[in-house]
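Colleague: Before we discuss the fold, may I ask you to display the model?

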Amino acid sequence: MRFRVLGAVVAVAAGFSLTSSGGAVAVGNEALTADLDAILADDALKGADVGLVVRDADSGEVIYTRQSGRRSQVASNLKLLTTTTALDLLGPDHRWKTELVSGGTRSGAALNGDLVLRGGGDPTMSRLRYQQLADTLKASGVTTVNGALVVDDTKFDATPYGTGWAWDDEPYSYSAETSALTLSPDAKFSAGTVVVRVKPGAAAGAPAVVTTEPANDHVQVVSTATTGNAGISVQREHGTNRIFVSGSTSVETTALSTVKDPTGLVTSVFQKALQASGITVTGGVRRQKAPAGATVLATDTSMTLGELVKPLLKDSNNMLAEVLVKTAGGSFTNGVNQLSTKWAGLGVDPNAVEVFDGSGMSRLDQFSPDDLTSVLVKAKTKPWFAAWQASLPVAGVDGTLVNRMKNTPAAGNVKAKTGSLSGVSGLSGYVTTQAGRELVFSVVQNNVLLFNSPRAIEDRIAVRLASEGGAVAPQVQSVPQQRKAPAQDRTSVPAKERVDVECSWIATC
């Protein structure tokens, strides 16, 4: 289905819309223009489609532009749009609630009626917090529920994946299902996943010990893993909750696996929480919407959206981005439409782009470097800007830029969003020149060959911008051509390496 904004065409704020440009254009800085031209003329970019724009961060003045109005896939650079428009639409103080409610009545220690676990879409919920909900109910005096445990995930629709997502990414943590009832098993809020922990046996060749966290009855682990040094593979079977673990390890190893139907995982975890609290449910389990007017028995409240933006952007968390979309409108389509009502205020014409999700994983998304820098410029006028900008990865310091541009003028200076899919790479953000001028920039590369180091191109651009105004401009060097490595089979990547591999080229990050 092709995305279309509902309603009339929205005019873009004057002064923040750029037109498409074919060749390079610069204003008043021949040395910078020559250096950026030289970087974009690198042999590594032959056959690629590259757009670059550099602007003054305050005035929006264009300093350099080359093909920057051309729409293309921008991968996780799209999270700049998702987070800023969500902050405008929902507000930085927005929180998500997970509740226990009931339409029944109390009789001593008995709740006569169904107990409903109602999800509000909180992607940061954990086993511990579900346990705390059960403990709160027990502290109120309830030990028996004479009714069913009802799970209500109707806050979001039942479509688990965005349009245009790759089906074979299904097992991996960056492509989990989006549900109004979910949980994260780790500190990075990898919603919709479980941790698979593999421990070596007592001797070489002995079966490995495999467990999942949190403990649940929703997934089934099928393990042939042994004790040795070959490496561990963790792979969920397509369309099922069977997780296959193979290979060998001599050290404790962990990996994340997505689950099919996160609501089912939460149901299993919460049943165990009720049991641990000493609460008996007599009527089984079913799924349905909570009754109107149900009494709230216990509530868990999430961190604010303003706080959630930090792990979302620093770690390029796809699932947190998709929760923002569904929170805005209940479904991917309606959520994008709702967020699009705020795009004009960020300098983006909603009728001139294509957006299908919040993370940038959809291959149908079409956005331009001009649009990305418009968001960066207009964001500076917003009351939430300081906290939002502080959530961007910092070159050589943290997030997805932690290992990039170290020991250069860009380190600790460039604050930018990364983005990568197979054949796509981009970097968009803020940089302060040595002369003290703040710039925004966006470089987006499509149809790139991954062994040609597209990130090195981005880093050279960012370092050159950071060096502008210095006594000596850095020498522009070519990226050496690298021999193409054999294609890597994701299913054979050792668990401890899989995150780096996914973030490098398979995921959008």
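Colleague: In what order do the 4 strands of the open sheet stand?

Modeller: Strands are DSSP runs of E of at least two residues, helices are runs of H or I of at least four, and both are numbered from the N terminus. Two strands pair if DSSP finds at least two bridges between them. In this predicted model, local features need pLDDT of at least 70, side-chain atom pairs count only at pLDDT 80 or more, and totals for chains, interfaces and linings use all residues. Residues are numbered from 1 along each chain as its sequence is written, and side-chain values use heavy atoms, leaving out hydrogens and water. The pairing is mixed, and the order is S5-S6-S8-S17.

Colleague: Which strands stand at the edges?

Modeller: An edge strand here has a single partner strand, so one side of it is left without a neighbour in the sheet. That applies to S5 (105-107) and S17 (280-281).

Colleague: Which residue in S8 stands opposite Leu 111?

Modeller: Strands S6 (residues 110-112) and S8 (residues 144-146) run parallel and are joined by 3 bridges. Opposite Leu 111 stands Val 145.

Colleague: How is H1 oriented relative to H10?

Modeller: The axes, lines fitted to C-alpha atoms over the stretch in contact, are compared by the angle between N-to-C directions, from 0 to 180 degrees. Helix H1 (residues 30-40) and helix H10 (residues 454-467) cross at roughly 170°, with axes coming within 10 Å. Angles under 35 degrees count as roughly parallel, over 145 as roughly antiparallel, 65 to 115 as roughly perpendicular and the rest as oblique. H1 is therefore, relative to H10, roughly antiparallel.
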